[in-house]
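Hello,

Here is the structure I promised to pass on to you. Please have a look at it first, and then read my notes below.

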Amino acid sequence: MIQLPCPWCGPRNVTEFSHEGEPATRPDPGTATPEQWRGYLYFRRNARGWTEETWYHSAGCRRFFRLRRDTVSNTALPAGERAEGSA
Amino acid sequence: MTQQPTRTTTRTEGRFRLPVQQGEVLDRGRQFEFFWNGSTVAAYRGDTIISALAAAGERIFSRSYKYHRPRGLLTASAHDPGCMVQVGDEPNVRGAHRLVTEGMRVSAQNAWPSLRFDIKAANGLAGRFLPPGFYYKTFIKPERLWPAYEKVLQRFVHAGEVFPDTPHDYYDKRYAHPDVLIAGGGPAGMTAALAAARAGARVMLVEEEHQLGGHLRWADPPAARQLSAEVTAQDGIEVLTDSVVLGRYDQNWIAVVQRGHPGVAERLIKARARAFVVAAGLLERPYVFAGNDVPGVMLSTAVRRLINLHAVRPGQRAVVLTANDEGDAAIDDLRGAGVEIAHIADARNGGDILRAHGRKDLRAVELPGGRKIEADLLVTATGWTAPTALLNMAGDVPTYSPTAARFLPGGTTDDNVFATGGIAGDGTLDELCTHADAVGRAAARAGLRANRAARAGLPTLAAEPPAPAEDEQVAIPELGVAAHPALFRGATHGMVDYSEDVSSKDIHLAVREGYDSAELAKRYTTATMGPLQGKLETINAIAMVAEATGRGIAETGTTTWRPMYTPVTLGALAGRNFEPVRYSPMQPWHTANAARPLVAGQWIRPDDYGDPAAEVRAVREAVGIIDVTPIGKLDLRGPDIPKLLNLLYVNKWSKLGIGKVRYGVMCAEDGVVFDDGVTGRLGENHYLMSTTSSGAAAVWKWVESWLQTEHPEWQVHVTPVTTGYASINVAGPKSRELVDRLTEGVDLSAEAFGYMQVRTGTIAGVPDCVLWRIGFTGELSYELHVPASYGLHVWEALVQHGADLGVRPFGVEAQRILRLEKGHFIVGQDTDGLTKAYSAALDWAVKLDKDDFVGKPELAWQSESTTGSKLVGLQPVDGAVVPAEASQIITSTGKIGGRITSSRFSPTLGRAICLGQLDASLATPGTEVAVQLPDGQRTTARVTEHLAHVDPEGKRQEITDPAPQPRSGEPGLARSAVTPVGDTGTHAGWLVSTKHSTAALRLSDRGPLTKISVRAAPDGQLANELGTRFGRTTRDAHGTLVVGSGPGEWLVLGAPSAHDTLLTDWQRRAEDGDEFASAVDLTHGRALFRLTGPDAPQLLAKVCGIDFADEFTPDGAALRSSVAKLVTDIIRDDVEQTTSYLLHCERSSGQYLFEALLDAGAEFNIELDGYPVATEH
């Protein structure tokens, strides 16, 4: 089981968190086309390698926060911090 | 289980028992007897089952898997494939590892009619009919015979017997956070442990066998004893023997099974090791030749164990095949034990053996050239296997060394994983210990660095941990590799996998059939897939594939080692099972009144009280009360609440007046109905939102996600108060009269308190109750939200004061019928994960003229569509037929046109009524549709005009009978979340336990303490007044404890008697300041316990994954985590220098948490302590 660095609580087991996925920008609901809106609903990069994602610390501080995670090695860093060799 | 001794042939000393040996682990002063297949056998304390049997002259301990060949000793360790036995009701016991105890009932497994005459051994004669892939080839077609095949195959499976009436053992689990965890307690593991502990690391040393020492126990017993004594004397090393590391997962998450802990069968340790050292040593590899599984053929380490540890002479006359020092040492040991050495074949000089003769016993050994030597013992010492499994789980790919004729660790990229000892290379004992010492220091350095990194920025610490001292990189010396002859198979074919009965011939055949890679041949032949998981067999199997394909071993490569390293019981994996359950404050009444429990998620609710139809009639004709505590309730404070409600609900919220309630529906961004409920406005900037019972947690998270991620600028504070209130719906034509009898300060008349309105007032003497006039049942009804500690009191008052009105409690089933009669849909029952708002008959609620709301674009597009499904009311034409829920609607062309979503017999109408999702083309009122019933029959149902089957006009709740004069009531006693045990008393209006305990470890219910949640900016004026920050606590001069419970969140804990003062004070401070702040009373919504005693951290380590060492959670630390799978606040608040914690969770799970803590504390003799009336904390 991996640990995630909660920006508030420090490192905790991943079972304390829920994964909220990669952040997506909400289109203007007044002008969005179905394609744009459904891109926002369903389409994500799902990258192999470094990705940015939102997590919710449901069994801890109950804050939503951003994280950078390497989906290959599961190395997780606070958002904004770049690992060596990351894109 | 039923075996009895058939004869009593007590032998005081086994025929093969040697005099006292220097390294023996026997207690010669403690001799006793146990049972082997019904006969008594003598043993010493310290004997394994097999060593005692071997001392008594037994040679056969099991029959093999496929051919039922007799099997004896091979390794004399936990990994001995022939030594699995049944002990009492426990199957598959490793007999060469398990210590024998007095009276133990041991029997051979799966041998019928007896071990020496196994009838199924005929399979061996027919061996050519059971080639690899036999099952695949034979038992495939026809498929209809699979059940018959299963019966045949089951007879071949070897395993012990499982008894259904076996009592449940208590399995345990705990968390651990060692700086360094070492797998293997041989000389290298012990040396590394000492070095790491001396460098300041917390060390856990795990050894599979019963003693530390590894091979030194037979090679150099005094050295083993001395190292072992040093380890025992060293502070900071936790030694676990008879324990094994099962697996290594990401970031050194390590599973250890600990045996022999008092009071538990087995205990699973989940360790987060900051550094991990694998010192697993080497396993001796068997040699492949004809007859290599005949009883009497053993490995050199097996005879050394038998002679030196257990004082057993392994035979009378031996042939030895040796290729290394261990084999030579075995010859010395055998001579010392009085075994005649008939022949030595030295493989280093070209010596070899051809085959072993004998069936139940070794009779002779045939040498190349045909010479036969009579012997009852054949010892082989032909090489080693490095058990690299744990390293492989850390990403290590082993590489083959032709020089050493074994695989070596290839190295891992993880800086916190190390290998030392025999697994890493060869050397003298001194060289290995020098290496292990360096590895121990390096692991301590890595572990302590990780420890400091984990503490950096930790909010529970009063100050930042000191900057790390500049430490030197530890140079780890290289270990050499000694040359060893490459010995895998002799000139004949023999057994490769003893557990699975796979021979080298089978592997050659598999390769010829095209399964020519190690991974394919493994799966096809099942070699390495038995209980030993390849520890003895993998390398030989690879060598056979290499031999058959003509490729080299290095090129063939190894198969993947996966967790578990060794077989583990399901009990150990299951451990103590944590399943939080939730109860309402009225549960004692429900239990006492024969409520049939319904498990609804974590909640236990009354399904009915015996007669749901009568309960329905009571509500329609008089008055009923239902416990609806699980309904989600969110307290909302702040000026931007209307913006929030307008965003999350599909309908409009801008103009909701104070005292008004509105029904709202939430959809997700895809337009699918997500939750519904009513929200009322209690004050200018104060709302109470209700959600469905099952959606309470999801809605809270949903609200927080929009506030935190999309609109952090909005000023809204959300506090879940679901269990802060006991909720009671009073429904029926006489509900107003009943509620009026108990209510003060609220005019209940129809004119003053209309439908969809909310008031606050006093009920049965309890102030601060919230009354909604709403209804799910269609009757005049009031939903009473009572501070939870008084819930039972108010419920009992309603029952008592409503007796003459015919009041009757009703359960969830009656409520389901009532709401179906009224046509109210249930999210998740009448909708599913694809149902958008217009398909849930919510056209009236969706306001597309709002600028924005969640899901608006999808709903706008849905509103333009004429297809899709619709929620409709349905009535079977034959009212006596109640279609099962989920019955499908079939169109005239035989297609599925919808489904029944809700269906009941209506006691009010005397007929079946339904709701259903129908294709829009079928949804016109009056349409008749065919309903496919589960029994294959069809019935006709008619679409109704309205969703409501009863009172579609809504007249029933417009009752305007004159209200009688209100009465007052006594407030009654407040009750905490935990039912007190033993003597009780009262304190400040609370029912408390008066028990007094002086036990070292005590658990006390502190539920009565005042609990106020304060929200403000993390760094503002109010934060300053509160005097502490997130992660820490402070206590003021009056004894009030302020806890930094979250970022910008505090919990103020005070004496029960100070409740009103504290609440008023903090609400005033929140309102008066310049910043946006709020204070909410959580006294009744939370359970609170105090756990005190030096063993408290050990107890918590059994239920929580947090590191409770002082360096992580010192006095004054506050954090929230999962405790026994329940989100719990943990506050370290020592009392008179004794470690003490306050534990705090939402109220309905309080009884569960209390019992989980008592259960975990049993091994520390925990006692219940009452409420300290004199000193209030």
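**What I found in chain B**

Let me start with one residue: Asp333(B) sits in helix α9 of chain B, which covers residues 325-336. Please keep in mind that this is a predicted model. Is Asp333(B) buried or exposed? With a relative accessible area of 14%, Asp333(B) falls under the 20% cut-off, so it counts as buried. Leaving aside residues up to four places away in sequence, Asp333(B) touches Arg304(B), Ile307(B) and Asn308(B). Of these, Ile307(B) is 26 residues away along the chain, with 7.1 Å between its C-alpha atom and that of Asp333(B).

Next, a pair of helices. Helix α19 (residues 641-648) and helix α20 (residues 696-710) of chain B pack at an angle of about 115°, and their axes are 11 Å apart. The two helices, α19(B) and α20(B), are therefore roughly perpendicular to each other. The crossing of α19(B) past α20(B) is right-handed. On the α19(B) side, the contact is made by Leu644(B), Leu647(B) and Leu648(B); α20(B) brings Trp702(B), Val703(B), Trp706(B) and Leu707(B). The residues of this contact between α19(B) and α20(B) are seven nonpolar, no polar and no charged.

Finally, the annotations. An unreviewed UniProt entry gives "domain: GCVT N-terminal" for residues 587-850 of chain B. That span, residues 587-850 of chain B, is 26% helix and 31% strand, and its end C-alpha atoms lie 44 Å apart. UniProt (unreviewed entry) also lists "domain: Aminomethyltransferase C-terminal" for residues 870-945 of chain B. Residues 870-945 of chain B are 0% helix and 54% strand, with 13 Å between the end C-alpha atoms.

Best wishes

Key: Residues are numbered from 1 along each chain as its sequence is written. Chains are lettered from A and ligands numbered from 1 in the order in which they are written. This is a predicted model: local features need pLDDT of at least 70, side-chain atom pairs count only at pLDDT 80 or more; totals for chains, interfaces and linings use all residues. Side-chain values use heavy atoms; hydrogens and water are left out. Axes are lines fitted to C-alpha atoms, for helices over the stretch in contact, and angles run from 0 to 180 degrees between N-to-C directions. Helices (H or I, at least four residues) and strands (E, at least two) are DSSP runs, numbered from the N terminus. Angles under 35 degrees count as roughly parallel, over 145 as roughly antiparallel, 65 to 115 as roughly perpendicular and the rest as oblique. A crossing is left-handed if the near helix is turned anticlockwise from the far one by less than a right angle, and right-handed if clockwise. Contact means heavy atoms within 4.5 Å. Ala, Val, Leu, Ile, Met, Phe, Trp, Tyr, Cys and Pro count as nonpolar, Asp, Glu, Lys and Arg as charged, and the others, Gly among them, as polar. UniProt positions are given in the numbering used here, feature names are shortened, and annotations may be inferred rather than shown by experiment. Buried means under 20% relative accessible area, exposed over 50%, partly exposed in between (1.4 Å probe, protein chains only).
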